[in-house]
Every structure is written in structure tokens, then in C-alpha cells.
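Below is a walk through one protein structure, written for someone meeting it here. Keep the sequence and the model in view while reading.

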Amino acid sequence: MGGRTVIMPSETTTTIHQHCSVCKADFDMDVIKQGSTEDVLWLKCPGCQGFLPYMPKEDLTDAERMPDEQKVALEDLDVEHAKEYAEDQEYQIGEVLHHRSWNDFGKVVAKDKLPGNRRTIWVQFIRQGRVQLLEGVVH
Ligand SMILES: [Zn+2]
């Protein structure tokens, strides 16, 4: 489907479904007003009555950037040379990882950044599918 609809202020009440990190829950939030820049909307959380900026879902934009998901099979991966995944390590596209908790192998297919300068890798796992994991985390 196409991109996101731009929501214009109007007389009718507009709500956007978004997660509130304070309430740790999802709500249909009222759109309060358009911010000073065209692409910022403010929402009011019905749970904590707090205001928060509307954040387009990260996974949506990532999905749009991503090439088509390709399944990987065990025989496609050089599992003997797989690296153990750890969030404080850094990885290169094409490297094979082993995720200990899931006991799953995957290949790094892309690298990405999240707000706050957090670096991530996209890994295509055999069983889990495509998963975004943190890398280079400094503790
Ligand atoms: Zn809230």
C-alpha cells in the first residue's frame, strides 16, 4: 500500500493509535494541534494525559527501505564461522550470526540507525525471520 496519509487539522476529532512509553500501553490518542513544522503532530495520551509527538512507526519506514525479505536456509549460511550475537559487538553486512537465546542462525542483511544514535543491524534468521537487533551498545 502507499505511504502514510498526512493528517490535516480539522474540526472533526482525529485520533492516532500510538504507544505511550509512560503508560506502556497503546491508545487512540487525540491529535491536539499541528506543530510549528509541518511534519510534527502532537497527541494527548488518554492514560497519563501527557502530550507526546506523533512518531511514525519505525518498522513501517524500515519496511519501505528494506529489499524484499528473502528466506535463508541453514545450508546458505556459513554456520561454522558464525559469530555469537552480542549487543556490544559490531557486525558487517553479510556476516553470519548465531543468536544464543533463540538458537538460531542468521545473516546480516542491512544496517540502520534508530533515534538517539542507536545502531542496529537487520538480521535474516532461519526461524525467526527478519529481526532488528542493536549493535555497538556501550554499557
Ligand atoms: Zn500515557
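The paragraphs that follow go from the overall layout to the sheet, the core and some individual residues.

The model is predicted. The secondary structure of the protein comes to one helix and nine strands. Along the sequence these elements follow the pattern β-β-β-β-α-β-β-β-β-β. Of the 139 residues in the protein, 12% are buried. Among contacts with a separation of 6 or more, 30% are between residues 24 or more positions apart.

Strand 1 covers residues 15–20 and strand 2 covers residues 25–34, and Lys-24 is found in the loop between them. Lys-24 is not a glycine, yet it has a positive phi of about 55 degrees. Most residues other than glycine have a negative phi. Is Lys-24 buried or exposed? Lys-24 counts as exposed, because it has 8 C-beta neighbours inside 10 Å, and the limit for that class is 12 or fewer.

Asp-30 is found in strand 2. Asp-30 has 14 other C-beta atoms within 10 Å, so it is partly exposed. The C-alpha atoms of Asp-30 and Phe-51 lie 9.8 Å apart, while the two residues are 21 residues apart in sequence.

Strand 3 (residues 41–44) has a covered face with Leu-41 and Leu-43, and an uncovered face with Trp-42 and Lys-44. Strand 3 and strand 4 (residues 51–53) run antiparallel and are joined by three bridges. Leu-43, from the covered face of strand 3, has Leu-52 in strand 4 as its bridge partner. Six residues sit between the strands of this hairpin, and Gln-49 takes a positive phi near 60 degrees there.

The later strands make up a sheet. Strands of a sheet pair through backbone hydrogen bonds, either parallel or antiparallel. Here five strands form an open sheet in the order 5-6-7-8-9, and the pairing is mixed. Strand 5 (83–84) and strand 9 (129–135) stand at the edges; each has a single partner strand, so one side of each is left without a neighbour in the sheet.

Within this sheet, strand 7 (residues 104–114) and strand 8 (residues 118–125) pair in the antiparallel sense over eight bridges. Lys-113 stands opposite Arg-119 in strand 8. The loop between strand 7 and strand 8 holds Asn-117. Asn-117 has a positive phi of about 65 degrees although it is not a glycine. With 7 C-beta neighbours inside 10 Å, Asn-117 counts as exposed.

Which residues form the largest nonpolar core? Its nine residues are Tyr-85, Tyr-91, Leu-97, Phe-105, Val-108, Ile-121, Trp-122, Val-123 and Phe-125. Strand 7 and strand 8 are the elements that give two or more residues to this core. Strand 8 supplies the largest share, four residues. One of the core residues is Tyr-91. Not counting residues up to four places away in sequence, Tyr-91 touches Lys-83, Leu-97, Val-108, Ile-121 and Glu-135.

Asp-88 has its place in the loop between strand 5 and strand 6 (96–99). Asp-88 counts as exposed, because it has 10 C-beta neighbours inside 10 Å. Asp-88 and Val-137 are 49 residues apart in sequence, but their C-alpha atoms are 4.4 Å apart. Leaving aside neighbours within four places in sequence, Asp-88 is in contact with Gly-136, Val-137 and His-139.

Gln-128 has 13 other C-beta atoms within 10 Å, so it is partly exposed. Gln-128 and Asn-103 are 25 residues apart along the chain, and their C-alpha atoms are separated by 10.0 Å. With neighbours within four places in sequence left aside, Gln-128 is in contact with Trp-102 and Asp-104.

Technical notes
Residues numbered from 1 in each chain as written. Predicted model: local features only at pLDDT ≥ 70, side-chain atom pairs only at ≥ 80, totals over all residues. Pairing = 2+ DSSP bridges. Buried ≥ 20, exposed ≤ 12 C-beta atoms within 10 Å, placed from the backbone. Core = buried A, V, L, I, M, F, W, Y, C linked by C-beta atoms within 7 Å. Contact = placed C-beta atoms within 7 Å.
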